[in-house]
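Please look over the sequence and the model before reading the points below.

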Amino acid sequence: SGSSVSSNISTHIVLQSVWLFIMALIQNAWAVVAGGSLSHFQIFGFIYCSFLVTYWGSGLTLLAIDWLRPTWVLGFKCQRQQKLDSVTLAKVVRNIVINQLTTY
């Protein structure tokens, strides 16, 4: 019982430290942007890269879950009969990359 309490406290401390670190990074980034030291192109590049990291990060995470644990994810899928194969995956990734490179 005592070890689980100390483990929970340690986990809480680590998560709080990570949260404070992330918040400090965001505050520093905002200070740079608000300070006017970035050009419009740099701001656009930062926003676009943030979008790419968010889009591909969440998409690849869900893809890994679907690929590695197909039975676990069945409860969450809308199209349960659809199976993921490498040919379809390659087509989808190619289409997304082409659209991202030519749309923006």
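The structure is a predicted model. The mean pLDDT of the protein is 85, and 94% of its residues reach 70 or more. A search of the whole structure finds five aromatic pairs and zero disulfides.

**Confidence**

- Among the elements of the protein, the lowest mean pLDDT, 83, belongs to helix H1 (residues 2-34).
- The highest mean pLDDT among the elements, 90, belongs to helix H4 (residues 86-103).
- Where pLDDT is low, the predicted coordinates should not be read in detail.

- Ile 65 is part of helix H2, which covers residues 40-68.
- Ile 65 counts as partly exposed because its relative accessibility is 29%, a value between the limits of 20% and 50%.
- When residues up to four places away in sequence are not counted, Ile 65 touches Pro 70, Trp 72 and Val 73.
- Asp 66 also lies in helix H2.
- Asp 66 has a relative accessibility of 19% and therefore counts as buried, since buried means under 20%.
- Leaving aside neighbours within four places in sequence, Asp 66 is in contact with Val 73, Lys 77 and Leu 84.

**Aromatic rings**

- The structure holds five aromatic pairs, and one of them is formed by Tyr 48 and Phe 51.
- The ring centres of Tyr 48 and Phe 51 are 6.3 Å apart and the planes meet at 35°, so this pair is tilted.
- Both Tyr 48 and Phe 51 belong to helix H2, where they are three residues apart, about one turn of the helix.
- Phe 51 has a relative accessibility of 32% and so counts as partly exposed.
- Trp 72 and Phe 76 form a tilted aromatic pair, with 5.4 Å from centre to centre and 45° between the planes.
- Trp 72 and Phe 76 are both exposed.
- One aromatic cluster is made up of Phe 44, Tyr 48, Phe 51, Tyr 55 and Trp 56.

**Cysteines**

- A disulfide is a covalent bond between the sulfur atoms of two cysteines.
- The search of the whole structure finds zero disulfides.
- Cys 49 counts as partly exposed because its relative accessibility is 46%.
- Cys 78 has a relative accessibility of 81% and therefore counts as exposed.

Key: Residues numbered from 1 in each chain as written. Predicted model: local features only at pLDDT ≥ 70, side-chain atom pairs only at ≥ 80, totals over all residues. Heavy atoms only, no water. pLDDT = per-residue confidence, 0-100. Helix = DSSP H or I, 4+ residues; strand = E, 2+ residues; numbered from the N terminus. Buried < 20%, exposed > 50% of the residue type's maximum accessible area, 1.4 Å probe, protein only. Contact = heavy atoms within 4.5 Å. Phe/Tyr/Trp six-rings, centres within 6.5 Å; stacked < 30°, edge-to-face > 60°. Disulfide = S-S within 2.5 Å.
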